[in-house]
Amino acid sequence: MREQVPLGMPWRTSVGLNRLLCGSAHTPLCARIHAARSSRLRSVTMFLLDVAFAEYRHTERVHRRWLIISQGNGNRGRNS
């Protein structure tokens with residue numbers, strides 16, 4: 001079984017990239033991509049992230065984790 005990537009640096013990097021590209025300080029970029037409306041660009045990006053992280057449905061997992069964390073912190077919906 002493949003080892004899970006810890007939250008640490010990859011998570012902070014994803015949040016930082018999202019802040020830089022989209023202006024949202026609270027959502028990891030992978031979660032934002034997963035929540036975006038369906039498009040060819042989104043599908044290609046999700047596929048490439050699956051390959052990069054060697055994890056099937058990577059953005060879905062990050063989005064689910066972010067929802068759980070944000071609900072625990074009372075931040076749900078702050079990226080809207």
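Modeller: Hi! Helices here are DSSP runs of H or I with at least four residues, strands are runs of E with at least two, and both are numbered from the N terminus. This is a predicted model, where local features need pLDDT of at least 70, side-chain atom pairs count only at pLDDT 80 or more, and totals for chains, interfaces and linings use all residues. Residues are numbered from 1 along each chain as its sequence is written, and side-chain values use heavy atoms, with hydrogens and water left out.

Biologist: Great. How many salt bridges are there?

Modeller: Three, taking a side-chain nitrogen of Lys or Arg within 4 Å of a carboxyl oxygen of Asp or Glu.

Biologist: Which residue does arginine 57 pair with?

Modeller: Glutamate 60, with the closest N and O atoms 2.5 Å apart. Glutamate 60 also bridges to arginine 64 at 3.1 Å, N to O. Glutamate 60 and arginine 64 both sit in helix α4, four residues apart, about one turn. Shared partners join Arg57, Glu60 and Arg64 into one network.

Biologist: And what does arginine 61 meet?

Modeller: The side chain of glutamate 55, at 2.4 Å from N to O. Both arginine 61 and glutamate 55 are buried, meaning under 20% relative accessible area, while exposed is over 50% and partly exposed lies in between (1.4 Å probe, protein chains only).

Biologist: Switching to α3: which residues are buried there?

Modeller: Arg42, Met46, Leu49 and Asp50. They share one side of α3, because their arc around the axis is only 105°, taken from the directions from the helix axis to the C-beta atoms.

Biologist: Is phenylalanine 47 buried or exposed?

Modeller: Exposed, because its relative accessibility is 54%.
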